[in-house]
Amino acid sequence: MGFLFFIIVFVLYVFWDNNRFVVIEQEIVINNLPEQLQDFRILQISDLHEHQFGDQQTGLIEAINAADYDAIVFTGDMLDDKESTDYVSFYTLIEGIDNKENAWFVPGNTDPDSYQIGSSVEKSDFILGMEERGVKLLETMDSVAVNDENIHFINFELSIIANPEYIGKTKGIVRPDYNKDSKYHEHQAALWEEITLPERGVVVALNHYPVPDVRIDHIKNNPDLKWLDYDLILAGHYHGGQIRLPVIGALFVPEPWYKPNSFFPPRDRVSGLWEYTGTKQYVSRGLGSSDAISFLNFRLFNTPEINMLILK
């Protein structure tokens with residue numbers, strides 16, 4: 001009886017904890033931050049995986065609309081599978097958000113393709129529907145001006161390309177099926193030409209995938225790639241490990257750059273803020289859970305979160 005009681009309590013706890021969320025505030029110190037950008041606030045939403053927080057996402061929408069932010073970013077995996085057409089959970093969320101003046105999305109590995117390839121390259125129905133609702137696909141770089149100073153939001157994966165012939169060949173990320181299509185390459189090369197980093201301003205790179213130390217070293221040492229002077233990188237993907245144990249922390253993160261495998265990753269490289277070779281990176285634990293292992297499609301001791309990042 002005691003064991004059965006424990007199982008029931010455990011299941012109820014997991015269900016309750018997976019269906020709530022917390023708002024995590026993090027101050028991020030930026031070297032030489034212009035006074036005009038002091039306290040600039042970025043709200044990060046990551047890895048929704050079609051999860052619903054209240055009827056019609058009311059719980060999540062209320063929390064976002066109650067927050068005071070200057071930009072809102074969605075760092076991928078809003079849907080649960082590349083083939084999914086169940087856009088309701090994500091579209092309902094963004095329809096309910098009031099402040100979308102500065103709102104960007106970068107795709108994750110479980111989101112539908114961003115483009116459709118025919119006689120030309122066009123944005124996919126998923127992206128078009130998202131943009132109709134006020135959230136833009138961050139293809140290159142967009143800027144927010146604050147009293148003559150600027151904060152630049154940049155597509156990380158495209159910004160690291162030094163040689164346009166290397167587009168589509170970067171390691172450690174999931175690529176779309178049309179990755180080798182010549183029209184797609186031409187389209188990406190044209191977007192790559194648009195990335196011109198101004199001399200002034202704060203640079204915030206958006207990516208779905210965190211950038212582990214070993215990948216940073218790889219980028220810096222590869223002549224076809226380049227490392228820009230990023231002030232901050234924002235990412236998701238790891239889910240904070242999804243399954244976490246007291247004291248031990250995350251058991252696994254989906255990171256191909258960790259050899260021989262991604263079990264028991266570095267505890268200070270799973271979520272939150274870290275710094276390597278002068279670049280700060282913030283990784284959200286996100287909101288949903290992955291079914292990469294079907295019977296472990298839940299979070300354990302890992303409350304879903306959205307993140308308020310305050311520049312200092």
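In which loop is Asn207 found? In this predicted model, Asn207 sits in the loop that runs between strand β10 (202–206) and helix α7 (213–221). Its relative accessible area is 5%, and because buried means under 20%, Asn207 counts as buried. The side chain of Asn207 has polar partners there. One is the side chain of Glu157, with which a polar contact of 2.9 Å is made. Another is the backbone oxygen of Tyr209, which lies 2.8 Å from a polar atom of the Asn207 side chain. Setting aside neighbours within four places in sequence, the residues in contact with Asn207 are Thr75, Val106, Phe156, Glu157, Arg215, Leu234, Ala235 and Gly236.

We can turn next to the nonpolar parts of the structure. The largest nonpolar core has 55 residues, of which Ile64, Phe74, Phe90, Phe105 and Tyr230 touch the most other members. Helix α3 (residues 88–96) supplies the largest share of this core, namely 4 residues. Not counting residues up to four places away in sequence, Phe74 touches Ile45, Phe90, Leu93, Ile94, Ile97, Trp104, Phe105, Val106 and Val135.

Aromatic rings deserve a look of their own. The structure holds 19 aromatic pairs. One of them joins Phe105 and Phe126 in an edge-to-face arrangement, with 6.0 Å from centre to centre and 75° between the planes. Phe105 belongs to strand β4 (residues 103–105) and Phe126 to helix α4 (residues 125–132), so this pair ties together parts that are 21 residues apart in sequence. Both of these phenylalanines are buried. Ring pairs also link Phe105 and Phe126 into a cluster with Phe74, Tyr87, Phe90 and Tyr91.

For β3 (residues 71–74) and β4, the pairing is in the parallel sense and extends over 3 bridges. The bridge partner of Ile72 in β4 is Ala103.

Technical notes
Residues numbered from 1 in each chain as written. Predicted model: local features only at pLDDT ≥ 70, side-chain atom pairs only at ≥ 80, totals over all residues. Heavy atoms only, no water. Helix = DSSP H or I, 4+ residues; strand = E, 2+ residues; numbered from the N terminus. Buried < 20%, exposed > 50% of the residue type's maximum accessible area, 1.4 Å probe, protein only. Polar contact = N/O pair within 3.5 Å; in protein donor to acceptor, adjacent residues only side chain to side chain. Contact = heavy atoms within 4.5 Å. Core = buried A, V, L, I, M, F, W, Y, C linked by side-chain atoms within 4.5 Å. Phe/Tyr/Trp six-rings, centres within 6.5 Å; stacked < 30°, edge-to-face > 60°. Pairing = 2+ DSSP bridges.
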